[in-house]
Amino acid sequence: MQGIFRQAAVAGLVVISSLVLGGCSLFETPVNTRPPAPLAPIKSSLAVKQVWSASLGSGNRGYLLRLQPWVSGGVLYAADQAGKLYAFKAASGDHLWSVKIGQHLTAGVSGGEGMLFLGTQNGNVVAVSIKTHGVIWRTQLGSEVMAISKPAQGEVVIHTNAGKVIALDVSTGNIIWNQGIESPNLILRGKTAPVISGNTVVTGFSTGQIAAFSLSDGTPLWQLTVAEPRGASELQRMVDVSGRIDVIDGVVFAASYHGRVVAATLGKGQLLWSHPMSSYVGLAVGTHAVYVTDSHSAIWALDLATGASLWKQSALRFREATVPVIDGDYLVVGDYQGYLHWLSLQNGAFVARKHLTDSPIDAPPVVVGHDLYVQAADGTLAMYRIGK
């Protein structure tokens, strides 16, 4: 329990400059020294409608979590911090079933191969059968589970709060291999979800590095330093690669706090380009550009081939914008007041805005086909669709 509060406080310092290290928690009223930019009116040029909404009960219960839904086979699966897993019809939001996991959740929902995967505060990974809704296995990893990969080739890869990257057999939950890099004393709350591409697993670390491992046996393949710690204080020297990374066409894209955005080859980790930037939520990769939310909540588009800046949208400054997701010809981010913002991929201009709830949206929305699903910190769940 103590760990989650300590690291949440660190994240608060970074995200909103509001909490003081030591003795504070997410339940304290923040004193924001960097006021978020007020929202200026926009002229909407894109019709977006909310198709349905639902509630997950207690949501994140004040914890800084990024629980997000997973959609497959026309069913949306979502979970709350209290340990309840829900299933809804993705098209209508009709409740189908729910099951109590019995432990406080910190990661998920991930899914595949007929199972759903959840991570718990006390270090368990729990696999639930999509067919029977029952728990198939629980595996104890010794540290709070922070991120879970999509399963592939019979394995699912976990990133724990201790900086361990652990591959599990999806059918049994047995540990196949275990790797990691020792973390600094002061780190951001949050870990990069490992990405599986072929027989390679890539993820980021609090040391400012990304690293690749063999999926089959965990053999280290390469490491690349995205950011070097600099500065006199531990806070200044934080260089976590904690947000979303992506692997597209044999190229790894990643961003670090107090560092840069990089593109590197998947095979050998050779640097292709870099762009100075600080980001703790990560990036999304499109057809022609890499889209990044920086640590001040400015949204950037960088040229996919060179990393050169194409445009920057700064109107969400300090609004704790999520990592962007691509929704057709648009980008979508959530913010700390429960707004969703649609931006043009071409120039970053705002084209639509919707208010879901007064609670933060701290997990990125999920886009499936033409539908966008979002889960807010208070447990509000909704589906949006472009069009009238």
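**View 1. Arg319 and its salt bridge to Asp335 in the predicted model.** Arg319 counts as buried, because its relative accessibility is 1% and the cut-off for buried is under 20%. Its side chain meets that of Asp335 in a salt bridge, with an N to O distance of 2.9 Å. Arg319 lies in the loop between strand 25 (309-313) and strand 26 (325-327), and Asp335 in the loop between strand 27 (330-334) and strand 28 (339-344), so the pair ties together parts that are 16 residues apart in sequence. Asp335 is also buried, at 0% relative accessibility.

**View 2. The salt bridge between Asp371 and Arg385.** The structure holds two salt bridges, and in this one the side chains of Asp371 and Arg385 meet at 2.5 Å, N to O. The pair links distant parts of the chain, 14 residues apart: Asp371 belongs to strand 31 (residues 371-375) and Arg385 to strand 32 (residues 380-386). Asp371 is buried, with a relative accessible area of 13%. Arg385, at 28% relative accessibility, counts as partly exposed.

**View 3. The open sheet of strands 14-15-16-17.** Four strands make up this sheet, and their pairing is antiparallel. Strand 14 (195-197) and strand 17 (220-225) are the edge strands, each pairing on one side only. From one strand to the next, the twist averages 20 degrees.

**View 4. Pairing of strand 16 with strand 17.** Strand 16 (residues 209-214) runs antiparallel to strand 17, and the two pair over five bridges. Ala211 has Gln223, in strand 17, as its bridge partner.

How values were computed:
Residues are numbered from 1 along each chain as its sequence is written. This is a predicted model: local features need pLDDT of at least 70, side-chain atom pairs count only at pLDDT 80 or more; totals for chains, interfaces and linings use all residues. Side-chain values use heavy atoms; hydrogens and water are left out. A salt bridge is a side-chain nitrogen of Lys or Arg within 4 Å of a carboxyl oxygen of Asp or Glu. Buried means under 20% relative accessible area, exposed over 50%, partly exposed in between (1.4 Å probe, protein chains only). Two strands pair if DSSP finds at least two bridges between them. Axes are lines fitted to C-alpha atoms, for helices over the stretch in contact, and angles run from 0 to 180 degrees between N-to-C directions.
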